[in-house]
Amino acid sequence: MIDKSVSNAKEAIQDIADGMTISLGGFGLCGIPENLIAALLEKGVKDLTCISNNAGVDDFGLGLLLQHKQVKKMIASYVGENAEFERQMLSGELEVELIPQGTLATRLMAGGYGMPVIYTPAGVGTEVAEGKESRTFTFHGVEKEYLMEYAFEPDYALVKAWKGDRDGNLVYRGTAQNFNHAVAMCGKITIAEVEELVEPGELDPNHIHTPGIFINKIFQGKNYEKRIEQRTVRQKDEQ
């Protein structure tokens with residue numbers, strides 16, 4: 001097999017240039033590629049189109065790239081935790097495309113499956129449908145209208161996993177499974193950062209979530225903060 005490992009995030013993103021489209025894994029702040037985002041911030045690459053379920057928070061995740069005006073367009077599903085995102089959107093500084101969450105996930109997966117389009121009932125009759133082609137299908141005996149949506153084809157996909165081997169096979173943990181696998185599938189070039197990089201053969205094949213065929217570069221990350229977007233705790237019962 002091919003050793004796809006590189007030394008660090010800086011080396012991994014050296015070919016990402018201004019104006020490119022990148023997709024990023026993670027759900028909220030869980031499972032986001034922290035090291036890769038930090039490397040993009042340090043490199044100063046700009047005019048990016050970012051595809052991600054969330055847009056981070058003001059001082060973490062994608063929020064850092066937004067804060068430094070490195071993102072030209074944001075394609076996302078949930079963006080409610082980022083005041084700077086809201087400010088840029090309302091002022092017209094940032095182009096925004098909001099997509100139903102299921103449609104976002106399926107368009108990512110379609111890119112990996114080699115399917116140029118999908119059809120979905122989500123968004124029919126709303127602003128989401130404006131300017132889009134639709135068709136009527138009978139499914140499970142019910143005739144409905146479906147929107148045609150194009151698969152995503154990002155230049156780069158950036159994901160984060162718990163463990164990975166030098167062949168690029170990845171294992172996610174918990175909620176980090178949300179979107180990381182779909183994002184990994186659709187990139188023309190996919191970069192993975194992992195908490196623990198192991199040798200080929202050390203991962204149980206039955207536990208692998210993303211096969212190495214989808215991964216072009218992999219490295220072991222460091223200094224993970226793993227912030228919690230909304231910390232909710234229960235008050236201690238009074239004795």
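E34 touches F60, E193, N223, Y224, E225 and K226, leaving out residues up to four places away in sequence. In this predicted model, E34 belongs to helix α2, which covers residues 34-43. E34 is buried but has no salt bridge. The nearest side chain of opposite charge is that of K160, 6.1 Å away, whereas a salt bridge requires a side-chain nitrogen of Lys or Arg within 4 Å of a carboxyl oxygen.

**Overall form**

- The protein chain contains six helices and eleven strands.
- For 239 residues a compact globule would have a radius of gyration near 18 Å, and the 19 Å of the protein chain agrees with that.
- Along the principal axes, the C-alpha atoms fill a box of roughly 55 × 50 × 45 Å.
- Of the 239 residues, 45% count as buried.
- Among contacts with a separation of 6 or more, 73% are made by residues 24 or more positions apart.
- The accessible surface is about 12500 Å², and carbon and sulfur atoms account for 48% of that area.

**Helix α6**

- Helix α6 spans residues 177-186 and is mostly covered, with seven of its ten residues buried.
- The buried residues of α6 are F179, N180, A182, V183, A184, M185 and C186.

**L66 in helix α3**

- L66 sits in helix α3, which is formed by residues 62-67.
- L66 counts as buried because its relative accessibility is 0%, and the cut-off for buried is under 20%.
- Apart from neighbours within four places in sequence, L66 is in contact with A55, V71, N82, E84, F85, Q88 and L94.
- The C-alpha atoms of L66 and D15 are separated by 21 Å, and the two residues are 51 residues apart along the chain.

**Charges and salt bridges**

- The protein chain carries 24 positive and 35 negative side chains, and the centres of the two sets lie 2 Å apart.
- The count of salt bridges comes to twelve.
- One of them joins the side chains of K46 and D18, at 2.9 Å from N to O. This pair links distant parts of the chain, 28 residues apart: K46 is in the loop between α2 and β2 (48-51), and D18 is in the loop between α1 (9-12) and β1.
- K46 is partly exposed at 40% relative accessibility, and D18 is partly exposed at 43%.
- K73 and E95 form another salt bridge, with their closest N and O atoms 3.7 Å apart. K73 lies in strand β3 (residues 71-76) and E95 in strand β4 (residues 95-98), so the pair ties together parts 22 residues apart in sequence.
- K73 counts as buried at 18% relative accessibility, while E95 is partly exposed with a relative accessible area of 43%.
- K132 pairs with E149 in a salt bridge whose closest N and O atoms are 2.9 Å apart. K132 is in the loop between β5 (117-120) and β6 (134-139) and E149 is in strand β7 (residues 142-150), so this bridge ties together parts 17 residues apart in sequence.
- K132 is partly exposed, with a relative accessible area of 29%, whereas E149 counts as buried at 4% relative accessibility.
- Through shared partners, salt bridges join K73, E95, E97, R107, K132 and E149 into one network.

Definitions and conventions. Residues are numbered from 1 along each chain as its sequence is written. This is a predicted model: local features need pLDDT of at least 70, side-chain atom pairs count only at pLDDT 80 or more; totals for chains, interfaces and linings use all residues. Side-chain values use heavy atoms; hydrogens and water are left out. Helices (H or I, at least four residues) and strands (E, at least two) are DSSP runs, numbered from the N terminus. Buried means under 20% relative accessible area, exposed over 50%, partly exposed in between (1.4 Å probe, protein chains only). Lys and Arg count as positive and Asp and Glu as negative; His and the chain ends are not counted. Contact means heavy atoms within 4.5 Å. The radius of gyration is taken over C-alpha atoms; the globule rule is 2.2 Å times the number of residues to the power 0.38. Accessible areas come from the Shrake-Rupley method with a 1.4 Å probe; for residues, only the protein chains shown count as cover. The place of a charge is taken as NZ of Lys, CZ of Arg, CG of Asp or CD of Glu.
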